[in-house]
Amino acid sequence: MAVELTTKIIPASEIAAAEAARCLADGGLVAFPTETVYGLGADATHAEAIARLYRAKGRPSFNPLIAHVADLAGAERIARFDATARKLAEAFWPGPLTLVLPKTPRCPVADLATAGLDTVAVRMPAHPVARDILRALGRPIVAPSANRSGHVSPTTAAHVASDLDGRIDLIVDGGAVSVGVESTIVGCFDRPMLLRPGGLPRAAIEQVLGHPLRRPPPRPDAAGQPMAPGMLASHYAPRTLVRLDAARIEPGEALLAFGAVAIPGHDVAATILNLSERGDLTEAAANLFGHLRALDEARARAIAVMPVPEHDLGEAINDRLRRAAVPADPIHK
Ligand code: TXA
Ligand code: MG
C-alpha cells in the first residue's frame, strides 16, 4: 500500500521550477536535487524562512548554511573573491565545490544563515533542476542537505520524504543524484584549507592550486566553534552500529561491501549491499548513502563495512563512513 504523504512532490520541469521559486519567495521550504545530494532550500535573504529551515531539520543554529548561486555575478554579490578563490571558481564551478569566503559589506544573506560569522559558504551547483530554480528565484538559496540533522544525506526524493514529510512545503523530484556525497568545502583563508572532503577530489583542487591544501586543526578553534561545524565527529549516523574495516562478518551482521566479496563469513551476512562490485569509487560514492539507509532499515546487529581505498572520492567516502561509525551525540545531532 502506498504511504500517504503530506508534503507535495512534483516531478522536475520548468513549471515545477517556477512553482518552487514562488514557494521560496513566500518563505517556503523546498527540497530539490543538486548533483551531490538533495538540498532543502530557503530564500537566503528571508530570515523567517531560514529559522523554519533550522527547525524543520532539527539543526543547531550555530551550524551555518551554504548559499547556492546561479552564476559568478550572484556569488560576487555575497562574497569577496581573491585570486585563489577566483581560480578555483573558474576551474570547478558549476560543480561540487563550496568556497568559504569573506562576506561582502552589504551581503544580502541573512545573518542567521551564516551563524553570525563574517564568512559565507558559497556554491554554484551543476544540476539543471537546482540551476532552474535559482534562476527562477533570482536570489541566492541556502540549502543544507535535505535530511533530519544527524541523519544520512538524501540522494533521492523518497529519502527526503522519509525524513522531512510534513515538515517542508514542496519536494521537486529530479531522480537519483549523480555524485552522491556532499560538496568539497575549501576555506579560502591565507592559504586554502580543506574543511570537508567531498564530491570534488582533493587531487583535482591541488593540481589547480599547484600546492597541497592545508588540513584544519583537529580541535575546535579558540571560540569553541568547529572550523566547519559539519566536521563534528558524529554526523550522517544511521541507527545501526557501523563497524569499519571489517575483515570478517559476524553472524547477524549486514555487509556493506566494496569490490569482490571474498571476506570470511559473508555467507552468513544478514544482507549484503555492494558499493561497487568493480571497485569503482565514483560508483561507490553514488551508492553510499542509499545503501547505508537500506542496511539501516534491515535492522541487523551491526553494519560491517569492507575497507575502501582513500584516494579520489575514497577520501570523502571514508570521511562519511568514519562519522557514521561514531554513535550520535545528542547535543550535536
Ligand atoms: O553538496 C552540498 O554541499 C549539499 C548540497 C545540498 O549543496 N549541502 C550540504 O549542506 O551538504 P550542509 O548544510 O549539510 O553542510 C554545509 C557545511 C556544514 O558542515 C557547515 O558547517 C559548513 O558547510 N559551513 C557553512 N558555512 C560555513 C562557514 N562560513 N564557515 C565554515 N563552514 C561553513
Ligand atoms: Mg548535511
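Is D43 buried or exposed? D43 counts as buried, at 1% relative accessibility.

This is a predicted model, in which local features need pLDDT of at least 70, side-chain atom pairs count only at pLDDT 80 or more, and totals for chains, interfaces and linings use all residues. Residues are numbered from 1 along each chain as its sequence is written, chains are lettered from A and ligands numbered from 1 in the order in which they are written, and side-chain values use heavy atoms, with hydrogens and water left out.

View 1. D43 sits in strand 3, residues 38–43. Strands are DSSP runs (E, at least two residues), numbered from the N terminus. Buried means under 20% relative accessible area (1.4 Å probe, protein chains only). Beyond its neighbours within four places in sequence, D43 is in contact (heavy atoms within 4.5 Å) with L24, A25, I50, L137, R139 and P140.

View 2. Strand 9 (residues 184–187) and strand 10 (residues 193–196) pair in the antiparallel sense over 3 bridges. Pairing requires at least two bridges found by DSSP. I185 has R196 as its bridge partner in strand 10. The two strands form a hairpin with 5 residues between them.

**View 3. P192 in the loop.** P192 lies in the loop between strand 9 and strand 10. P192 is buried, with a relative accessible area of 6%. Leaving aside neighbours within four places in sequence, P192 contacts residues including T84, V186, L209 and H211. The C-alpha atoms of P192 and P212 are separated by 8.8 Å, and the two residues are 20 residues apart along the chain.

View 4. Strand 12 (residues 254–257) runs parallel to strand 13, joined by 3 bridges. L256 stands opposite L273 in strand 13. In a regular strand, side chains alternate between the two faces of the sheet.

Methods: Helix = DSSP H or I, 4+ residues; strand = E, 2+ residues; numbered from the N terminus. Buried < 20%, exposed > 50% of the residue type's maximum accessible area, 1.4 Å probe, protein only.
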